[in-house]
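User: I'm new to this structure and would like to learn how to read its helices. Could you walk me through it?

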Amino acid sequence: MARQIVAEWAEPQCLGAAMDLMNLLRSAEALLYEIVSWLIFYPLTFWRCVRHPVRMMIYAERELTDPPEEQFVDTVSPPLFLFLTLVIAHLFQMNIGAAQPELSGVLSDDRNLLLFRAVIFSLLPLLVGIQRVHQKNQKLTRSTLRPAFYSQCYLAAPFTLSLDMALMIGQLDHAWSSITAWTLFLAGLIWYLGALTEWFAVHGPMRRLRGFALSLGTVLVGGLIALAVLIPVALVTVSTR
């Protein structure tokens, strides 16, 4: 009987099933560890971005020169950091009772909506990244754009959170909601413009006044592009009653 069981497990299909199970367990183990590690490294990354934004942008570009397995070992990688920030804002919106439009079509699924928001809020890192490549007199390719885009994701995440929370709090029906929303938005905007101005001034290099004008122009252009995308999408996906 024992020999029969061993013989059955020795069959190729049984060995293949056992290997698939082991691979699945290893993948689950790695995924669980990665998610739990975010509880530590996300707050640390956020704090470092808020306190030393220019240092973190330099850090992001430098990390991409390391081997893939050694990149961002003590932080959350920039695009993932931006995406997790949007997830936190989305969860916050679901729990504070802010009004949420009813969406139809592909954006009615929360996962698709989060992905769409990630694309919209990635426009600022993309625009600044293109300018960074241009300043360095490099040809615009995936390889030259990646370091600049990654570095700007670190800068965009705190601003994105302040903007998103300001929009949500502003929808609440409380006496304090309007002033709180404007305070959050202006604080985030001033911080973002200040950090981006410093980045342009140091790495441009250029005068800070020109750096501020370029930063403000980038935000305005990014906002206009976002509106150009959001308005037709809203007309198609927002359900009316």
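User: Is helix H7 mostly covered or mostly open, and how many of its residues are buried?

Analyst: Buried means under 20% relative accessible area, exposed means over 50%, and partly exposed is in between (1.4 Å probe, protein chains only). Helices here are DSSP runs of H or I with at least four residues, numbered from the N terminus. H7 is mostly covered, with 21 of its 29 residues buried. Keep in mind that this is a predicted model: local features need pLDDT of at least 70, side-chain atom pairs count only at pLDDT 80 or more, and totals for chains, interfaces and linings use all residues. Residues are numbered from 1 along each chain as its sequence is written, and side-chain values use heavy atoms, leaving out hydrogens and water.

User: Where does H7 have a kink?

Analyst: The bend at a residue is the angle between axes fitted to the seven residues ending there and the seven starting there. In H7 the kink sits at Ala156, is about 35°, and comes shortly before the proline Pro158.

User: How do the axes of H3 and H7 cross?

Analyst: Axes are lines fitted to C-alpha atoms, for helices over the stretch in contact, and angles run from 0 to 180 degrees between N-to-C directions. Under 35 degrees counts as roughly parallel, over 145 as roughly antiparallel, 65 to 115 as roughly perpendicular, and the rest as oblique. The axes of H3 (residues 53-63) and H7 come within 8 Å and cross at roughly 150°. H3 is therefore roughly antiparallel to H7.

User: Which residues make that contact?

Analyst: Contact means heavy atoms within 4.5 Å. H3 brings residues including Met56, Met57 and Tyr59, while H7 brings Ala148, Tyr150 and Leu155, among others. For classes, Ala, Val, Leu, Ile, Met, Phe, Trp, Tyr, Cys and Pro count as nonpolar, Asp, Glu, Lys and Arg as charged, and the others, Gly among them, as polar. This contact of H3 with H7 divides into 10 nonpolar, 2 polar and 1 charged residues.

User: How do the axes of H6 and H7 cross?

Analyst: They come within 8 Å and cross at roughly 140°, which makes H6 oblique to H7. The contact includes Leu124 and Val128 of H6, plus Phe149 and Ala156 of H7. Its residues divide into 12 nonpolar, 3 polar and 1 charged.

User: And what about the axes of H6 and H8?

Analyst: H6 (residues 123-135) and H8 (residues 177-203) have axes that come within 12 Å and cross at roughly 15°, so the two are roughly parallel to each other. Among the contact residues are Leu124 and Val128 of H6, with Trp199 and Phe200 of H8.
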